[in-house]
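Hi,

Here is the structure I said I would pass on. Have a look at it first, and my notes follow below.

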Amino acid sequence: MLVRFLYILLVLSIALPVQAASPYGRFHALVIGNENYRHLKTLNTPIEDAEAVAELLQDQYGFDVELLPDATWKQTMRAISGLRVTANQESDNLLIYYAGHGYLNKKTGVEYWQPVDAERDNDIYWIPTSRITSMLKEIRAKHVLVVADSCYSGSLLTRDSGAKLPDGSGLDELLRRMQERRSRTALTSGGEEPVWDAGGGNHSVFAKAFLDALRENRKILDGYTIFDRIRRPVALNAPQTPQYGDIRMTGHEWGDFLLVPKELQNIEIPDFVASLAGFATRDNSRQNKEPQQGDPFIDPTTGMELVYIPKGCFQMGQTVEGKQQIIAEAGQETYDSYYEDELPRHKVCVDGFWMGKYEMTQGQWKQIMGKNPAKFKKGDKYPVEQVSWEDVQKFIGELNKRAGKKYRLPTEAEWEYAARAGTTTVRHWGNDISCDKAMYDNYSETDNCAEYVRKRGFQNGSTAPVGKYPENDFHLHDMLGNVWEWCADWYDEKYYAECKKHGVTNNPVGPSSGSDRVIRGGSWSNDPRLVRSANRLRNTPGYRYFSLGFRLALPDQ
């Protein structure tokens, strides 16, 4: 066996093409597209996807590419093992692209890539992704990016790969650190979920978005920017959400993979900034003194995504016209008094802050608290529910201790400002109500949105994974529907009247005491009258329910 390996080593070393010296090092790629399975379902696009990726990497980015269409177990393992020889320099860059069947054993948590000779219900020719990651430890290349277009591929990841920079650091320093530090990252077509093998013309939805992002680019791209460019077109066109992060236990050092067009590969490192494509911000609260609307920030402790909400003023509460419209929509005049705590409408101004892009998920809760309190334990991407206001405070305390931040619940004013996102209508998308805009009216199979929910692949009488409904203009998902969200404030039905009477407009925080805390947004089980930007409800701080969750805010500092 040793003699055979040395022979392969010699042959490969003789055959390897020599790339011209570059400040970025050499670029290598292994591209696998498995389509014509012998014992499993034939797929539609992997070979065409793989061929297009291989051609693009070679022609536009100067990669030395090994293409494996319909690879067997033996061919795959031999190719990955050979990377120890191919990418054997400390300055090398290696991209592994895999398109084909994936499988997740939900009992053991083990994910597999399935070569074309894989047999159903027999994992002898399945390749655990843990084996792939262990082989990555033996590859000397400084930067490795695995791009996986397969079901359940998100199990490769641990957390966001974003790097931390000291105050005042600019993009030149960011790029330099990405280049200097070792990285082992993965870009996946979805999380721990099935993904589509179609939807992008001749390609999968993910492959099309990936190819489009690379084809249209003429500057330097880091891995996170690629992810940022493709996640929206994928999520809008298929029931899957791309993921990006570092690969488990492979020696990741907070660097990142850089894709450099051939014409830029001789640019010296001091000139990096002139070639930037506009990196997706890892920590805008540190890089920019004045964050801009929609700037992203990802908490490395939990992977929680936040976006920046700019300071501004708005009219808080419901208009009389809006009140009458909702009463008519509900079809019951007896609910007239139900809306009095939303009046009078009054001016409120808030400072800029960061807001959770999604409701807090079960996976993020488990990372901090260990146990999952949710009734609907369907996966890490579902919102955590059955958490009381007091439970949330314990979560925040532990998270802040680990992350070194000052996360908190949003105030009621911040919540409505973020939910409206500059609109004055009943809901952020308009005055109408529609099953494709939010998860609501889904308590039973006969509710108004029940059939639509089933067609989307979700269950009746339950939540949906976060981010599956359209975002508002502040890039926030599920501000209306899915689960109610706790706010920081005590509830007072006369709070608005007091604010207007005393001219309280700047960063109001609600009464100083009370018996109930505010909840906002409505949930999967509610009818339209509760799924509105102005709607206010309350519960005792110790109350738990399976339609009640939260999202976090972070002050701008």
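To get you oriented, in which loop is Asn-507 found? Asn-507 sits in the loop between α14 (495-502) and β20 (517-520). Before going further, please keep in mind that this is a predicted model.

Most residues other than glycine have a negative phi.

You will find Asn-482 in the loop between α13 (450-455) and β19 (484-490). Is Asn-482 buried or exposed? With 0% relative accessibility, Asn-482 counts as buried.

While we are on the backbone, have a look at the step from Leu-343 to Pro-344: the peptide bond there is cis, with omega near 0 degrees. Pro-344 belongs to the loop between α9 (320-330) and β17 (346-350). For context, most peptide bonds are trans.

Now the charges. Side chains of opposite charge can pair when their charged atoms come close. How many salt bridges does the structure hold? There are 22 salt bridges in the structure, and these are the ones I looked at:

- Arg-26 and Asp-92 form a salt bridge, with their closest N and O atoms 2.7 Å apart. Arg-26 is in the loop between α1 (2-15) and β1 (27-33), and Asp-92 is in the loop between α3 (73-86) and β3 (93-99), so this pair ties together parts that are 66 residues apart in sequence. Both Arg-26 and Asp-92 are buried.
- Glu-485 and Arg-551 meet through their side chains in a salt bridge of 2.8 Å, N to O. This pair links distant parts of the chain, 66 residues apart: Glu-485 is in strand β19, while Arg-551 is in the loop between β22 (548-549) and β23 (553-555). Glu-485 is buried, at a relative accessible area of 1%, and Arg-551 is buried, also at 1%.
- Asp-516 and Arg-538 meet in a salt bridge of 3.8 Å, N to O. Asp-516 lies in the loop between α14 and β20 and Arg-538 in strand β21 (residues 537-539), so the two tie together parts 22 residues apart in sequence. Asp-516 is buried, with a relative accessible area of 13%, whereas Arg-538 is partly exposed at 43%.
- There is also a network of salt bridges that links Glu-412, Glu-416, Arg-420, Arg-520 and Arg-536.

Last stop: helix α2. Which residues form the negative surface patch? They are Glu-48, Glu-51, Glu-55 and Asp-59. Asp-59 lies in helix α2, residues 46-61, and is partly exposed with a relative accessible area of 45%. The helix has 16 residues and reaches 21 Å from its first C-alpha to its last, close to the 22 Å expected at 1.5 Å a residue. Among the buried residues of α2 are Ile-47, Val-53, Leu-56, Leu-57 and Tyr-61. Just after α2 comes Gly-62, which takes a positive phi of about 70 degrees.

Cheers

Note on methods
Residues are numbered from 1 along each chain as its sequence is written. This is a predicted model: local features need pLDDT of at least 70, side-chain atom pairs count only at pLDDT 80 or more; totals for chains, interfaces and linings use all residues. Side-chain values use heavy atoms; hydrogens and water are left out. Patches are made of residues with over 30% relative accessible area and no salt bridge: like charges are joined within 9 Å, nonpolar side chains (Val, Leu, Ile, Met, Phe, Trp, Tyr) within 5 Å. Accessible areas come from the Shrake-Rupley method with a 1.4 Å probe; for residues, only the protein chains shown count as cover. A salt bridge is a side-chain nitrogen of Lys or Arg within 4 Å of a carboxyl oxygen of Asp or Glu. Lys and Arg count as positive and Asp and Glu as negative; His and the chain ends are not counted. The place of a charge is taken as NZ of Lys, CZ of Arg, CG of Asp or CD of Glu. Helices (H or I, at least four residues) and strands (E, at least two) are DSSP runs, numbered from the N terminus. Buried means under 20% relative accessible area, exposed over 50%, partly exposed in between (1.4 Å probe, protein chains only). The expected span of a helix is 1.5 Å times one less than its number of residues.
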